[in-house]
Amino acid sequence: MSAIMAILAPLLMGAAFGFLLHKGKVTSCNVIENQFRLRDWTVLKVMGTAIVVGGIGVLALHDTGNAKYYVKDANLLGVGLGAALFGIGMVVYGYCPGTALAAIATGSVHALVGAFGMIFGAIVYALSFDWIKANILSVGAMGKVRLPDITGIPDIAWFSALAIGAAAFFWWVEKQETAA
């Protein structure tokens with residue numbers, strides 16, 4: 001891959017991702033806030049689709065030898081606390097990092113202001129990482145493990161179950177939305 005393509009390809013993919021987020025209507029903080037109010041399921045439908053399609057794509061790339069899994073350490077306390085902080089931040093801010101950047105691209109000033117909060121949080125995390133590593137990441141540390149490794153159930157079965165579960169959930173949500 002040429003140096004120009006190494007720069008251009010990620011930019012084009014990022015732009016396409018942001019465009020799709022905008023088309024999926026998840027660049028609106030009202031849509032995201034209403035997800036947490038259980039009034040609008042757009043975010044779950046968009047992200048669920050992205051997870052299933054992305055997961056199957058990664059599985060296909062891995063199985064054909066075109067990609068390797070990069071497994072990060074499973075640190076249960078760290079993941080739990082991180083997920084809680086992420087969720088709280090998403091409710092207060094009205095965006096996740098990806099939807100925030102896409103909203104900034106559409107001209108959202110409040111998304112831009114909130115992005116500075118994300119940058120500040122990243123700096124605080126970086127400056128406190130040694131303490132976090134010693135006191136949080138060591139609790140519930142399981143090493144580099146994946147569900148297929150722990151359970152002995154093959155990757156394809158996990159992805160199939162995920163896809164079937166997502167389809168069932170989407171069907172249920174659509175049924176609830178049409179009934180309302």
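Q: Which residues does Asn-75 touch, not counting residues up to four places away in sequence?
A: A contact means heavy atoms within 4.5 Å. By that rule, Asn-75 touches Leu-137, Val-139, Gly-140 and Ala-141. This is a predicted model, in which local features need pLDDT of at least 70 and side-chain atom pairs count only at pLDDT 80 or more, while totals for chains, interfaces and linings use all residues. Residues are numbered from 1 along each chain as its sequence is written, and side-chain values use heavy atoms, with hydrogens and water left out.

Q: Is Asn-75 buried or exposed?
A: Buried means under 20% relative accessible area, exposed means over 50%, and partly exposed lies in between (1.4 Å probe, protein chains only). Asn-75 has a relative accessible area of 14%, so Asn-75 is buried. Asn-75 sits in the loop between H3 and H4.

Q: How many helices and strands does the protein have?
A: Helices (H or I, at least four residues) and strands (E, at least two) are DSSP runs, numbered from the N terminus. Here there are nine helices and zero strands. Read from the N terminus, the order is α-α-α-α-α-α-α-α-α.

Q: How does the reach of helix H3 sit beside the span expected at 1.5 Å a residue?
A: The expected span is 1.5 Å times one less than the number of residues. H3 covers residues 42-63, which is 22 residues. From first C-alpha to last, H3 reaches 31 Å, close to the 32 Å expected. Just after H3, Gly-65 takes a positive phi of about 80°.

Q: Which residues of H3 are buried?
A: They are Thr-42, Val-43, Gly-48, Val-52, Gly-55 and Leu-59. Their cover includes H2, H4 and helix H9 (155-179).

Q: What span should H9 have?
A: H9 has 25 residues, so at 1.5 Å a residue it should span 36 Å. The end C-alpha atoms of H9 are 36 Å apart, which agrees. Asp-155, Phe-159, Ala-166 and Val-173 are buried in H9. H3 and H8 are among what covers them.

Q: How many salt bridges does the count come to?
A: A salt bridge is a side-chain nitrogen of Lys or Arg within 4 Å of a carboxyl oxygen of Asp or Glu. The count is four. One of them pairs Lys-45 with Glu-174, with the closest N and O atoms 2.8 Å apart. Lys-45 lies in helix H3 and Glu-174 in helix H9, so this pair ties together parts 129 residues apart in sequence. Glu-174 has 37% relative accessibility, so it counts as partly exposed.

Q: Which parts does the pair of Asp-73 and Lys-144 tie together?
A: Start with the pair itself: the two side chains meet in a salt bridge, 3.7 Å from N to O. Asp-73 is in the loop between H3 and H4, and Lys-144 is in the loop between helix H7 (129-135) and H8, so the pair ties together parts 71 residues apart in sequence. Asp-73 is partly exposed at 43% relative accessibility. Lys-144 is exposed at 54%.

Q: Which residues do salt bridges that share partners join into one network?
A: Look at Arg-146 and Asp-155: they form a salt bridge, the closest N and O atoms being 3.1 Å apart. Shared partners join Arg-146, Asp-149 and Asp-155 into one network. Arg-146 is partly exposed, with a relative accessible area of 22%. Asp-155 is buried, at 12%.

Q: Which members of the largest nonpolar core touch the most other members?
A: A nonpolar core is a set of buried Ala, Val, Leu, Ile, Met, Phe, Trp, Tyr and Cys residues joined through side-chain atoms within 4.5 Å. The largest one here has 15 residues, and Ile-32, Val-43, Met-90, Tyr-93, Tyr-95 and Ala-111 touch the most other members. The elements that give two or more residues are helices H2 (29-36), H4 (76-93), H5 (97-105) and H6 (109-127). Take Ala-111: leaving out residues up to four places away in sequence, Ala-111 touches Tyr-93, Tyr-95, Ala-100, Ala-103 and Ile-104.

Q: Which residues form a nonpolar patch on the surface?
A: Patches are made of residues with over 30% relative accessible area and no salt bridge; like charges are joined within 9 Å, and nonpolar side chains (Val, Leu, Ile, Met, Phe, Trp, Tyr) within 5 Å. Leu-76, Met-142, Leu-147, Ile-150, Ile-153 and Trp-158 form this one. Together they have about 550 Å² of accessible area, an area found by the Shrake-Rupley method with a 1.4 Å probe, where for residues only the protein chains shown count as cover. Leu-147 is in helix H8 (residues 147-151). Leu-147 is partly exposed, at 47% relative accessible area.
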